[in-house]
Amino acid sequence: MADIIRSIRGMNDILPEVTPYWQAVEAALKDVLSSYGYQEIRFPIVEKTELFCRSIGEVTDIVEKEMYTFNDRNGDQLTLRPEGTAGCVRAAMQNGLLNQTQRLWYMGPMFRHERPQKGRYRQFHQVGVEAYGFNGPDIDAEMILMTARIWKKLGLTGATLQINSLGSTEARLAYREVLVTYFEAHQDELDDDSQRRLHTNPLRILDSKNPAMQALNEAAPKLIDHLDDESRLEFDTLCQTLTDAGLSYEINPRLVRGLDYYGKTVFEWVTDQLGSQGTICAGGRYDGLVAQLGGKGATAIGFAIGIERLISLLEANDALPEIPSIDAYLVAVGDAAAKQSLILAEQLRDQLPQLKLITHCGGGSFKNQFKRADRSKARWTLILGDDEISQRVVGVKTMATGEQETVAWDALASYLK
Ligand code: ATP
Ligand code: MG
C-alpha cells in the first residue's frame with residue numbers, strides 16, 4: 001500500500017455507501033428549485049482566470065490566495081472555478097440570456113486552495129441559484145423563502161437565517177470612510193489580516209473569523225445605520241415579507257460576505273452544529289456584476305449551498321434521507337442456473353421497471369451466495385438451482401421472516417409486485 005498514488009489533500013472520494021445520500025439530497029434540491037420555475041444551466045469548470053479576478057475582486061480571499069490557476073498548453077491562464085456566479089453570468093451574457101428575466105441553478109464541484117479541515121475542502125460541491133433581471137425585493141424574499149422550503153423538504157431544523165443590507169455602492173463607500181476612521185482609532189487591536197485589509201477592503205474586517213476581533217467588530221459602526229433611502233426601503237419590505245410568511249430571521253449587521261460583488265440584500269443560513277464551518281448557504285444581490293463584466297446592466301441575485309456541510313448537518317440532526325433499498329437478490333447455483341438467472345432477471349425487469357434486482361454473478365456455493373444476498377439487505381432472496389430450473393420455479397425467501405415459498409416463473413412478477 002505504501003506506494004499507491006493518493007488523492008490530492010482536501011479533495012475527497014465520495015464512496016458508494018455515501019453517494020445515495022448525495023443523490024437523495026440533490027434530488028430534493030432539484031425538486032424544490034424546479035417547483036419555483038428555476039431551470040438548470042451547465043457551464044465549464046474551467047474559465048479564463050481574468051473572469052474570476054474581474055468579478056470576485058482582486059482583494060478577496062479567493063482571488064488573493066485560494067484559486068487553482070495554471071497555464072494550459074497554449075499559454076492561456078486558466079482557473080478551476082472557485083464558485084459558480086462568475087461563470088453563470090458569463091454564460092448568460094455570452095448566450096443572450098439577459099435579454100429577459102432568468103431563474104437558473106447549477107450544481108457541481110468548486111475548487112479553492114484552503115487549509116483542509118472538517119467542512120472546508122479544496123474540492124467541494126455547491127448548488128448555486130441565480131436570478132437575473134429582477135429588481136427586488138420580491139425576488140430576494142422568494143429566494144430566501146425557497147431556501148427555507150429546501151430545509152423543510154429535507155427535514156432540517158438546525159439552521160438560522162441571518163440577513164443584512166449592504167446598501168448602494170455610494171452608501172457603502174461613505175460607510176467605508178466611517179469604518180476606516182473607527183478601525184484607525186483602534187489600530188493596535190487589529191490582527192495582521194485586518195491591518196492588511198484596513199485600506200484595501202475594510203468591510204472584510206467585519207467578516208473576520210478571529211475570536212480576538214469579535215469585541216472590536218461588535219462595537220464598530222453599522223452599515224445598516226448608513227443605508228441610502230432606496231436600500232433602506234427595500235430592506236424593510238424584505239423583512240416585512242419574511243415576517244408575514246412566518247419565517248424568522250436575525251439581522252446581522254456584520255454580515256458583509258466575502259466577495260466584492262454584493263450590494264443591498266445579503267443573507268446566510270448558519271448553524272452552531274458544525275464548529276467554525278457553520279455557514280451552509282450564503283447569497284445576496286449583485287446588481288453591478290454584469291456591467292462590471294462588460295455587459296448591459298442587469299440586476300442579479302443568487303445564493304449557493306455547500307453540499308458537504310448540508311449533508312454533515314443532516315447527519316448531525318439524524319435527518320439523512322431514507323435510501324431506497326434493494327428489492328431482490330437472485331442467487332443461482334450451477335452453470336445452467338447462472339445462465340437462466342440472467343434471462344429471468346431481464347424478464348422481471350421488463351415486467352417491473354421499478355424493481356431493484358441484483359443478480360449474483362460469478363458463481364460460488366449456495367452458502368456464499370446467500371451471504372452476499374444477506375449483505376445486500378434485499379427484501380427477498382430469489383433462489384435458482386437445477387431443481388428449480390427443471391420445474392420452472394424459483395424459491396422466494398422473505399428475508400425479514402425467513403419464510404420461503406416456491407413460485408412459478410410466470411407468476412413471479414405478480415408475486416413481487
Ligand atoms: P466561508 O466563510 O466558510 O469560507 P465563503 O464565504 O467563502 O464561506 P461562499 O463563497 O459564500 O463561502 O460559498 C457558499 C457556500 O459554499 C458556503 O456557505 C459553504 O457552505 C460552502 N463552501 C465555501 N467554501 C467551502 C470549502 N472550502 N469547503 C466546503 N464548503 C465550502
Ligand atoms: Mg471562504
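Throughout these legends, buried means a relative accessible area under 20%, exposed means over 50%, and partly exposed lies in between, with a 1.4 Å probe and protein chains only. By that scale Arg392, at 53% relative accessibility, counts as exposed.

The views come from a predicted model, in which local features need pLDDT of at least 70 and side-chain atom pairs count only at pLDDT 80 or more, while totals for chains, interfaces and linings use all residues. Residues are numbered from 1 along each chain as its sequence is written, chains are lettered from A and ligands numbered from 1 in the order in which they are written, and side-chain values use heavy atoms, with hydrogens and water left out.

**View 1. The shell around ligand 1 holds 16 residues.** A residue belongs here if one of its heavy atoms lies within 4 Å of the ligand. The closest are Arg112, Glu114, Arg120, Lys209 and Arg257. By type, the shell divides into 6 nonpolar, 4 polar and 6 charged residues. Here Ala, Val, Leu, Ile, Met, Phe, Trp, Tyr, Cys and Pro count as nonpolar, Asp, Glu, Lys and Arg as charged, and the others, Gly among them, as polar.

**View 2. Polar contacts reach oxygen atoms of ligand 1.** Such a contact is a pair of N or O atoms within 3.5 Å. Look for a polar side-chain atom of Arg112 at 2.8 Å from a ligand oxygen, and one of Gln126 at 2.9 Å. Gly306 takes part through a polar backbone atom, 3.5 Å from an oxygen of the ligand. Taken alone, ligand 1 exposes 580 Å², and the protein buries 91% of that; these areas come from the Shrake-Rupley method with a 1.4 Å probe. Strand 6 (123-132), strand 10 (279-285) and strand 11 (300-306) are the elements that give two or more residues to the shell, and strand 10 gives the most, with 4. Strands (E, at least two residues) and helices (H or I, at least four) are DSSP runs, numbered from the N terminus.

**View 3. A cis peptide bond joins Gly136 and Pro137.** Its omega is about 5 degrees. Pro137 sits in the loop between strand 6 and helix 5 (138-154). For context, most peptide bonds are trans.

**View 4. Asp318 and Arg392 each have a positive phi.** Most residues other than glycine have a negative phi. Asp318, with phi of about 55 degrees, lies in the loop between helix 11 (307-316) and strand 12 (328-332). Asp318 is exposed, at 76% relative accessible area. For Arg392, phi is near 50 degrees, and its place is the loop between helix 14 (386-391) and strand 15 (393-398).

Terms used: Polar contact = N/O pair within 3.5 Å; in protein donor to acceptor, adjacent residues only side chain to side chain.
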